[in-house]
Amino acid sequence: MTQQLNAQVFAYAKQLADSAFKAQSVALKGFEQIAELQIRALEKQSEAAADFISGALETRDVDGLRVLWEKAAAASRENAERAVSVTQEIIAVTQKTAESLGALVQEPQQAANDAVAAPVAAVKKAAAAATK
């Protein structure tokens with residue numbers, strides 16, 4: 001009896017550890033993708049800022065300031081569009097990660113439901129056969 005209980009506890013602990021490892025792997029993959037998106041966005045913003053600063057340092061007259069002003073407006077618009085795009089991509093990655101984690105949670109629940117449903121179905125079948 002004790003050995004059977006130990007085997008069941010060991011099997012449950014193994015299943016729990018496997019599920020935790022899978023969940024950690026999925027979460028880390030999601031974090032990695034999000035970090036990659038943010039680093040790429042930061043690189044692009046840094047390049048745009050460096051271009052703007054170099055243009056500002058080269059400006060010598062009023063016409064140059066007008067051109068610089070137009071570049072600043074265009075750069076601000078591009079940075080805002082890029083930020084919205086990156087945010088949408090991050091939300092998509094987060095949603096995909098959440099769906100994967102949800103699927104991992106549903107696997108053990110489905111297995112537990114099946115484990116409970118099988119004996120119940122067998123009892124119902126036996127009861128139906130006994131009444132005939």
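**Salt bridges, up close**

Guide: Let's begin with Asp63, which makes a salt bridge with Arg66; their closest N and O atoms are 2.9 Å apart. (A salt bridge here is a side-chain nitrogen of Lys or Arg within 4 Å of a carboxyl oxygen of Asp or Glu.) Bear in mind that this is a predicted model, where local features need pLDDT of at least 70 and side-chain atom pairs count only at pLDDT 80 or more, while totals for chains, interfaces and linings use all residues. Residues are numbered from 1 along each chain as its sequence is written, and side-chain values use heavy atoms, with hydrogens and water left out.

Both Asp63 and Arg66 belong to helix H2, 3 residues apart, or about one turn of the helix. (Helices are DSSP runs of H or I with at least four residues, strands are runs of E with at least two, and numbering goes from the N terminus.) An α-helix has 3.6 residues a turn, so residues three or four places apart point the same way. On the accessibility side, Asp63 is partly exposed at 47% relative accessible area, whereas Arg66 is exposed at 52%. (Buried means under 20%, exposed over 50% and partly exposed in between, with a 1.4 Å probe and protein chains only.)

The structure holds 3 salt bridges. Another one links Lys14 to Asp18, with the closest N and O atoms 3.3 Å apart. That pair lies in helix H1, 4 residues apart, again about one turn. Lys14 is partly exposed at 47% relative accessibility, and Asp18 is partly exposed too, at 36%. Then there's Arg40 with Glu36, where the closest N and O atoms are 3.4 Å apart. Being 4 residues apart in H1, Arg40 and Glu36 are separated by about one helical turn. Arg40 comes out as partly exposed at 39%, and Glu36 likewise at 42%.

Arg82, in helix H2 (residues 62-131), is buried yet has no salt bridge; the nearest side chain of opposite charge, Glu78, is 4.4 Å away. (Lys and Arg count as positive, Asp and Glu as negative; His and the chain ends aren't counted.) So what does Arg82 contact, leaving aside its neighbours within four places in sequence? Ala41, Lys44 and Gln45, where contact means heavy atoms within 4.5 Å. One of these, Ala41, is a buried residue of H1, as are Gly30, Ile34, Leu37 and Gly55.

Gly30 turns up again beside Thr97: not counting residues up to four places away in sequence, Thr97 touches Val26, Ala27 and Gly30. Thr97 lies in H2 and is buried, with a relative accessible area of 15%.

H1 has 57 residues and reaches 82 Å from its first C-alpha to its last, close to the 84 Å expected at 1.5 Å a residue. (The expected span is 1.5 Å times one less than the number of residues.) Leu57 itself is exposed, at 61% relative accessible area.

Terms used: Lys, Arg positive; Asp, Glu negative; His and termini not counted.
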